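Morning, everyone. Please have a look at the model first.

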Amino acid sequence: MPANNLLIRPCATADLPAVAAIYADSVRRGTGSFELEPPDLVEMQRRFADQQARNLPWLAAESAGTVLGYAYAAPFRPRPAYRFAVENSVYVAEAGRGRGVGRALLAELIARCEATGARQMVAVIGDSANIESIALHAAQGFVRSGLVANVGWKFGRWLDVVMMQRALGPGHHTPAP
């Protein structure tokens, strides 16, 4: 069931306390992020400002005045040849899970990244057992492009990284501008 009156919009500075809380819960309880300690609000503000300076999308999902999730695109790698590839991140609050929030965020993020001229979007999914994230990405046209086995240690176990990828716009079928 979709969240009532779900609004996907650019994230604002005022949303960052909610964003930080959503991410902190994911760090503390989940394996989607390999961070071991949640960053504080000041660090989240720094990360947000960094993304804003790059003119890459950072979105919030809001329903009834509550931020239920967020998503953003970051450069896939720093070297210039990677400039047409972005990596996505999607985090949804417990109250928004199973309600289409992640799907709506990722769909809008894809559209906005295509509008910037990005040609590939990469998902670096923590934990091969993270079937919800893998399914979310597959439903949005991502295909599995790799597995990096046993590279993270969290919660007393080794974690894999699942790589998924999706072409944006013309993808690799035409030269880059």
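**The core and the cysteines**

The largest nonpolar core has 24 residues. Val 86, Leu 105, Leu 109, Cys 113, Met 121, Phe 142 and Leu 168 have the most contacts inside it. A nonpolar core here is a set of buried Ala, Val, Leu, Ile, Met, Phe, Trp, Tyr and Cys residues joined through side-chain atoms within 4.5 Å. Buried means under 20% relative accessible area, exposed over 50%, partly exposed in between, with a 1.4 Å probe and protein chains only.

Two sentences on the source. This is a predicted model: local features need pLDDT of at least 70, side-chain atom pairs count only at pLDDT 80 or more, and totals for chains, interfaces and linings use all residues. Residues are numbered from 1 along each chain as its sequence is written, and side-chain values use heavy atoms, with hydrogens and water left out.

Now Ala 73. It lies in strand 3; strands (E, at least two residues) and helices (H or I, at least four) are DSSP runs, numbered from the N terminus. Is Ala 73 buried or exposed? Buried, because its relative accessibility is 0%. Beyond four places in sequence, Ala 73 touches Gln 51, Leu 56, Pro 57, Val 86, Glu 87, Leu 109 and Cys 113. Contact means heavy atoms within 4.5 Å.
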